[in-house]
Amino acid sequence: MRTVTAAASAVTAVLAAGAAGVAAGRIASDAALKAPPGRPLPTEPRLTVHATTDGRLALTRALASLRPGTYGLAGDGSHAVVGPVLEAAAPSADAVVRRLERVTHGTLDPGDQVWLTPNLYVGNPGAALGLEHADIDVPGDLGALPAWFVPGARDTWVIAVHGLGTTREHPMNVMGFLHELRFSVLALAYRGDLGAPRPPDGLNHLGETEWRDVDAAIRYAVRYGARRVVLYGWSTGAAMALRAAARSTLRDHVSGLVLDSPVLNWEATLRALAAARGAPDFLLPLAVRAAQGRVGLRADRLAETTDPARLSVPTLLVHGPDDVVAPWEFSRRLAAERADRVALHTVRNAPHGAMWNADPKEYEETVRRFLTPLM
């Protein structure tokens, strides 16, 4: 009897440990599957405001606050834009001073917690950039998808798709530049975004189902006069663009891809976000399995979409080795395997989704050269 009882206790302990592991894996997978639009990813540290004076802002000294370039600075109820680091102006060894370009709304007071964001603009293209635009609804399979349409003279449209932790405000960084090139631009809010339909399970699928909303945008563009479309995606938006270019029934209208910080390996991205959330190493495989079970992510499906042999249109990858969310190595490998179709522009010292922020002029010149033959 004692042997039976001991065996039963051992089985119960194993089952309890297994159940606890599954639950922990689900919690760890939430870092990617429940990443809210417009909120910082767990890889982005909170910084403390030390002081603001005469167009200068002092922040906690950290690798993030020392990044070169121009960034948005977001807090709870505030948004500002900060420029380069002003090394000589640092008041102490634990502070970094950056040029304060503008405060968009709210206030920045000593002690406030803020974080860097790639979004320089808030609002809409009219209010933020002075661009004529229309608020439209793109018919999607889950319902109407809000979008901004900025008209241009060309019959090639650029469909802009944001990624993890951002909103359709992110593409406004390059919207003025694309408008100067006379492209029509369609910036899409997709399932899970504010004002867009909620996914049936309430989870992000890292592009595996969201690509259908990009497909809907392609159909809308072609219906209203686009002869060709360029898909321009960031992060998971880049993954969505890749899937749409491979799977859309209107893929023959896709003439090019611009992929910024693309998520080319969802397992690596999920592991990185779960680890940044504080999940220990032993839980990371469970987080991957939990994601597979919860949203049906399959490595073979992504491998099929990113198969170098299937890339049929010119593709620009803009990515860098400092991206800890979507490893640059996968972009480097794709570019090496399809040098005839894929160009890689490497950006250093830039976090995920912020390749433009590190050096806007160089970024835009790279994109301009790529887009010129596609006009």
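Trp-211, Val-214, Asp-215 and Ile-218 of helix 4 touch Met-240, Arg-243, Ala-244 and Arg-247 of helix 5, in what is a predicted model. Sorted by type, the residues of this contact are five nonpolar, no polar and three charged. To find the two helices, look at residues 211-223 for helix 4 and residues 236-247 for helix 5; their axes lie 8 Å apart and meet at an angle of about 60°. Angles from 65 to 115 degrees would count as roughly perpendicular and those under 35 degrees as roughly parallel, and helix 4 and helix 5 are therefore oblique to each other. Their crossing is right-handed.

Now follow the chain to another helix pair. Helix 6 covers residues 266-276 and helix 7 covers residues 284-295; their axes come within 9 Å and cross at roughly 120°. Helix 6 and helix 7 are therefore oblique to each other, and their crossing is right-handed. On the helix 6 side, the contact involves Trp-266, Glu-267, Leu-270, Arg-271, Ala-274 and Ala-275, while helix 7 brings Leu-284, Pro-285, Ala-287, Val-288, Ala-291 and Gln-292. Nine of the residues in this contact are nonpolar, one is polar and two are charged.

Is Asn-357 buried or exposed? Its relative accessibility is 0%, so Asn-357 counts as buried. Setting aside residues up to four places away in sequence, Asn-357 touches Pro-68, Gly-69, Thr-70, Tyr-71, Thr-117, Pro-118, Leu-120 and Asn-173.

Notes:
Residues numbered from 1 in each chain as written. Predicted model: local features only at pLDDT ≥ 70, side-chain atom pairs only at ≥ 80, totals over all residues. Heavy atoms only, no water. Axes fitted to C-alpha atoms, helices over the stretch in contact; angles between N-to-C directions. Helix = DSSP H or I, 4+ residues; strand = E, 2+ residues; numbered from the N terminus. Parallel < 35°, antiparallel > 145°, perpendicular 65-115°, else oblique. Left-handed = near helix turned anticlockwise from the far one by under 90°. Contact = heavy atoms within 4.5 Å. Nonpolar A, V, L, I, M, F, W, Y, C, P; charged D, E, K, R; others polar. Buried < 20%, exposed > 50% of the residue type's maximum accessible area, 1.4 Å probe, protein only.
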